[in-house]
Amino acid sequence: MPREFYSASEAAHTLGISLDTLRRWDRQGRIKTKRDSSNRRIVTAKEIDRLRGGHAEHQMSARNRFSGIVRDVRVEGLMAQVEMVVNEPAVLTAIVTADAVEELGLKPGNHVVAVIKSTSVMVEH
């Protein structure tokens, strides 16, 4: 039988966000939480499904998905560089295996969706 409620940390993990983000979303009203008898935040399974956009098992939030067009594909040996325009003039470059480029049939002009899943990205100048 599926669970009806999840602890805040379980809900955050399921949503792919930090516990701090879940707390902030609660304060902002972006997520609906309840309190258990010990006054700890709990989240309904229904609310988690709503935020995940349905019942997809591993769906990520929209902010982690960038729709774009492949601008260039460079394959060298086992690795490939795929350059895509995601929100002109923004360009995203991904390093993937040459096999992945072949399997996906990636070539300039293809419509693609880049899915970003990372705990931190740092760029300095």
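Strand E4 (residues 65–76) pairs with strand E7 (residues 111–115) in the antiparallel sense, over five bridges. This is a predicted model, in which local features need pLDDT of at least 70, side-chain atom pairs count only at pLDDT 80 or more, and totals for chains, interfaces and linings use all residues. Residues are numbered from 1 along each chain as its sequence is written, and side-chain values use heavy atoms, with hydrogens and water left out.

Two strands pair if DSSP finds at least two bridges between them. E4 also runs antiparallel to strand E5 (residues 79–87), and seven bridges join them. The table gives both pairings of E4.

| Partner of E4 | Bridges | A residue and its partner |
|---|---|---|
| E5 (residues 79–87) | seven bridges | Val-73 with Val-82 |

**The hairpin.** Two residues lie between the strands in the hairpin of E4 and E5. Gly-77 sits in that loop and takes a positive phi near 65°. Is Gly-77 buried or exposed? Gly-77 counts as exposed, because its relative accessibility is 65%. Here buried means under 20% relative accessible area, exposed over 50%, and partly exposed in between (1.4 Å probe, protein chains only). Gly-77 and Ala-98 are 21 residues apart in sequence, and their C-alpha atoms are 7.2 Å apart in space.

**Helix H2.** This helix spans residues 19–28. Its buried residues are Thr-21, Leu-22, Trp-25 and Asp-26. They line one face of the helix, because they fall within an arc of 140° seen down the axis of H2. The arc is that of the directions from the helix axis to the C-beta atoms. Asp-20 and Arg-27 are exposed, on the face turned away from the buried side of H2. The cover over the buried residues of H2 includes helix H1 (8–15) and strand E3 (41–44). Just after H2, Gly-29 has a positive phi of about 80°.

**The whole chain.** The chain has four helices and seven strands. Helices (H or I, at least four residues) and strands (E, at least two) are DSSP runs, numbered from the N terminus. Along the sequence the pattern reads β-α-α-β-β-α-β-β-β-α-β. The chain has 125 residues, of which 27% count as buried. Among contacts (heavy atoms within 4.5 Å) with a separation of 6 or more, 40% come from residues 24 or more positions apart.
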